[in-house]
Amino acid sequence: MMFLIELATLIAFYTYTNILYEKIYPSKKYPIAFRIIYIVAAALIMAYIKSLEINILNLAFSFLAVILFNIIFFKPTGKSFLIYDAIIYIIMLIVEMITCLIIALI
């Protein structure tokens, strides 16, 4: 059950990242099916890594997946996109922590 909750959270995370990047960067012309496949695959791998409970691997893969998503599907300018990716990732971590707190209180 926890795996499914993690999977749903991660799919929502990558979907929100996709929507946010569409507003920031020009998009490369890939079919939407490739984005869906990437989002589901990254979420499955990330959910498995979270089940291993190795925090540094979890953090590293999650941030790397966001950067790869940006590079593959969008046209970021220069290296400044790494700063935006880091800010977005930190915001998403804060949102995830608040969500976990609210679920625990319920």
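**Notes on the aromatic packing and helix contacts**

1. Let me start with Tyr25, which touches Asn70, Phe74, Lys75, Pro76, Phe81 and Tyr84 once residues up to four places away in sequence are set aside; contact here means heavy atoms within 4.5 Å. This is a predicted model, so local features need pLDDT of at least 70 and side-chain atom pairs count only at pLDDT 80 or more, while totals for chains, interfaces and linings use all residues. Residues are numbered from 1 along each chain as its sequence is written, and side-chain values use heavy atoms, with hydrogens and water left out.

2. Where does Tyr25 lie? Tyr25 sits in the loop between H1 and helix H2 (32-52); helices are DSSP runs (H or I, at least four residues), numbered from the N terminus. With a relative accessible area of 8%, Tyr25 is buried (buried is under 20% relative accessible area, exposed over 50%, partly exposed in between, using a 1.4 Å probe and protein chains only). Tyr25 and Phe81 are 56 residues apart along the chain, with 9.2 Å between their C-alpha atoms.

3. On to the rings. A search of the whole structure turns up 12 aromatic pairs. Rings of Phe, Tyr and Trp (its six-membered ring) pair if their centres lie within 6.5 Å, and planes under 30 degrees apart count as stacked, over 60 as edge-to-face and the rest as tilted. Tyr21 and Tyr25 make a tilted pair, because their ring centres are 5.6 Å apart and their planes are at 55°. For Phe69 and Phe74 the centres are 5.9 Å apart and the planes at 65°, so that pair is edge-to-face. Both Tyr21 and Tyr25 are buried, and Phe69 and Phe74 are buried as well.

4. Which residues form the aromatic cluster? Tyr21, Tyr25, Tyr30, Phe34, Tyr38, Phe69, Phe73 and Phe74 form one cluster.

5. Now the helix pair. The axes of helix H1 (residues 2-24) and helix H3 (residues 55-73) come within 11 Å and cross at roughly 35°; axes are lines fitted to C-alpha atoms, for helices over the stretch in contact, and angles run from 0 to 180 degrees between N-to-C directions. The crossing is right-handed, meaning the near helix is turned clockwise from the far one by less than a right angle. H1 brings Phe13, Tyr14, Thr17, Asn18 and Tyr21 to the contact, and H3 brings Ser62, Ala65, Val66, Phe69 and Asn70.

6. The largest nonpolar core has 22 residues, of which Tyr14, Tyr21 and Phe69 touch the most other members. Such a core is a set of buried Ala, Val, Leu, Ile, Met, Phe, Trp, Tyr and Cys residues joined through side-chain atoms within 4.5 Å. H1, H2, H3 and helix H4 (81-105) each supply at least two residues of this core, and H2 gives the most, with six. Beyond its neighbours within four places in sequence, Tyr14 is in contact with Ile39, Ala42, Ala43, Met46, Ser62, Ala65 and Val66.

7. Arg35 belongs to helix H2 and is buried, with a relative accessible area of 5%. Neighbours within four places in sequence aside, Arg35 is in contact with Asn18, Glu22, Ser27, Lys28, Phe73 and Phe74.

8. Last, a backbone point. Glu53 is found in the loop between H2 and H3 and counts as exposed at 67% relative accessibility. Phi of Glu53 is near 60°, a positive value in a residue other than glycine.
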